[in-house]
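Me: I have a model open and want to learn how to read it. Can you take me through some features?

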Amino acid sequence: MAKETKKKTYWPHMILGFLLVGITLGYWTVKSASSVPVQESNDYMMKYQQADMNINEILKKKAKFDQKYMIQIVDVTMGVNSIANSKVAKNEKSVLLSPGKNSFHYRIVKKDNTPAEDANVTFLLTRPHTDKEDILVENIPLKNGTYSINDINITNPGRYTLQIKAKIGEAVGYSNTPAYLKPE
């Protein structure tokens, strides 16, 4: 009489286990990737997809603006970046912000240094890697030859960018000025 041995095979269980581990890791990857938001770029004061699709038109309008006009920031304190462990160039000048209310004044002048009075000006205070604290001010009026943005409350220390967009007819000019609020 032959003794019948029954061998147990575990390979179906291993395949099922690997499949379960793969599904679990796939779910974890999607969940962790979707919990980190994608930050929008503020280049040209529009979403990067719009800027990418219309870059040729944007650059033509900017060149037209740069031929006739200049954007100048006035009445601000400029300082040299001395931020430890920063990737920003150490010799780059930036606006020194103060905690609390800040005001920014811009002049838009023609190449002969006369003020351009018919500009539609938009201002954006933003941080380099987030848009959570953005402050957008549109249709800034001209007063005494300057476009003034007053009472912008800045409380969190760190790097900022002062962006301005000026539209005169078909010409559109942009200015990006780095700014910094030192921690207390």
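Me: Is Tyr180 buried or exposed?

Reply: This is a predicted model, with residues numbered from 1 along each chain as its sequence is written. Local features need pLDDT of at least 70, side-chain atom pairs count only at pLDDT 80 or more, totals for chains, interfaces and linings use all residues, and side-chain values use heavy atoms, without hydrogens and water. Buried means under 20% relative accessible area, exposed over 50%, partly exposed in between (1.4 Å probe, protein chains only). Tyr180 is buried, at 15%.

Me: Where is Tyr180 placed?

Reply: Strands (E, at least two residues) are DSSP runs, numbered from the N terminus. Tyr180 is in strand S10. Its C-alpha atom is 7.4 Å from that of Pro157, 23 residues apart along the chain.

Me: What does Thr177 contact, leaving aside its neighbours within four places in sequence?

Reply: Contact means heavy atoms within 4.5 Å. Thr177 touches Val95, Tyr160, Thr161 and Leu162 on that basis. Thr177 also sits in S10, residues 171-181. Its relative accessible area is 10%, so Thr177 is buried.

Me: Which strand gives the most to the lining of the second largest pocket?

Reply: A pocket is an open set of points on a 1 Å grid over the protein atoms alone, where a 1.4 Å probe fits, with protein on both sides within 12 Å along at least five of seven lines; lining residues have an atom within 4 Å of a point. Here S5 gives the most, with three residues. S5 (120-127), S6 (130-137) and S9 (158-168) each supply at least two. The lining includes Asn120, Asp134 and Lys165.

Technical notes
Helices (H or I, at least four residues) and strands (E, at least two) are DSSP runs, numbered from the N terminus.
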